[in-house]
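User: Could you take a close look at the aromatic side chains in this model and tell me how the parts around them are put together? I would like the cut-offs spelled out as you go.

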Amino acid sequence: MSDIEKEFSFIIYGTPPSAKNILRRSASGHFYHADNAVACYKRDFARQVPAKFKLNLTGPVSVSMTIYAKDRRKDFHNMEPAIFDALQDAGVILNDRQIVEWQGRGFVDKSSPRVELIIKKLSPT
């Protein structure tokens with residue numbers, strides 16, 4: 001396994017939307033995001049992920065994130081699900097259920113909202 005597959009970091013510019021109260025269940029029983037902001041964020045996120053990190057990692061992973069939002073109007077912890085989904089949709093990890101360890105911090109940076117991510121592949125237990 002190369003070093004890049006063990007641990008890597010990158011920055012995604014923009015503020016993640018809050019994923020609170022936006023999941024809906026379709027008639028077929030599948031869940032979907034009722035808010036277009038999440039879909040837009042996931043597309044933008046995927047465009048910003050460097051190609052070398054689109055590894056579709058398998059197995060347990062750790063995610064450390066530092067969120068810099070424009071303001072404190074949204075709860076930082078409600079942004080985490082949108083980030084986890086975006087990591088999956090962008091092809092960084094195969095499935096967001098692989099995230100077995102995470103750490104999040106939140107700050108305000110009006111001039112440069114962003115998410116700084118560190119992804120670590122963990123050894124299976």
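Analyst: Happy to. Phe8, Phe10, Tyr41, Phe45 and Phe53 come together in one aromatic cluster. Rings of Phe, Tyr and Trp (its six-membered ring) are paired here if their centres lie within 6.5 Å, with planes under 30 degrees apart called stacked, over 60 edge-to-face and the rest tilted. This is a predicted model, in which local features need pLDDT of at least 70 and side-chain atom pairs count only at pLDDT 80 or more, while totals for chains, interfaces and linings use all residues. Residues are numbered from 1 along each chain as its sequence is written, and side-chain values use heavy atoms, with hydrogens and water left out.

By the ring rule, the count comes to 7 aromatic pairs. One of them is edge-to-face: Phe84 and Trp102, at 6.1 Å centre to centre and with 70° between the planes. Phe84 belongs to helix α3 and Trp102 to strand β5 (residues 99-108), so this pair ties together parts that are 18 residues apart in sequence. Helices (H or I, at least four residues) and strands (E, at least two) are DSSP runs numbered from the N terminus. Phe84 is buried at 12% relative accessibility, whereas Trp102, at 48%, is partly exposed. Buried stands for under 20% relative accessible area, exposed for over 50%, and partly exposed for values in between (1.4 Å probe, protein chains only).

Two of the cluster members, Phe10 and Phe45, also turn up in the largest nonpolar core. That core has 27 residues, and Leu87, Val92, Leu117 and Ile119 join Phe10 and Phe45 as those with the most contacts inside it. The elements that contribute two or more residues are β1 (7-13), α2 (36-48), β4 (61-69), α3 (80-89) and β6 (114-121). β4 gives the most, with 5 residues. A nonpolar core is a set of buried Ala, Val, Leu, Ile, Met, Phe, Trp, Tyr and Cys residues joined through side-chain atoms within 4.5 Å.

Leaving aside residues up to four places away in sequence, Leu117 touches Phe8, Ser9, Phe10, Ile12, Phe45, Val63, Ser64, Met65, Ile83 and Leu87. A contact means heavy atoms within 4.5 Å.

Now for the sheet. An open sheet of 4 strands runs in the order β1-β6-β4-β5, with mixed pairing. β1 and β5 are the edge strands, each pairing on one side only. From one strand to the next, the twist averages 15°. Two strands are taken as paired if DSSP finds at least two bridges between them. β1 and β6 are antiparallel over 7 bridges, and here Tyr13 stands opposite Arg114 in β6. β4 and β6 are also antiparallel, joined by 8 bridges; Val63 has Ile119 of β6 as its bridge partner, and Ser64 has Ile118.

Two helices pack against these strands. α2 lies across β1 and β6, running at about 125° to β1. α3 packs on the sheet as well, touching β1, β4, β5 and β6, and its direction makes about 125° with that of β4. The axes are lines fitted to C-alpha atoms, for helices over the stretch in contact, and the angles run from 0 to 180 degrees between N-to-C directions.

Arg114 has a second aromatic neighbour to look at. Its charged end sits over the ring of Tyr68, 3.8 Å from the centre. The rule asks for NZ of Lys or CZ of Arg within 6 Å of the ring centre and within 35 degrees of the ring normal. Thr66 in strand β4 also touches Arg114, along with Arg105, Phe107, Val115 and Glu116, again not counting residues up to four places away in sequence. Thr66 is buried, at 9% relative accessibility.

Finally, the chain as a whole. There are 3 helices and 6 strands, and from the N terminus on the order is α-β-β-β-α-β-α-β-β. Of the 125 residues, 37% count as buried. Among contacts with a separation of 6 or more, 82% come from residues 24 or more positions apart.
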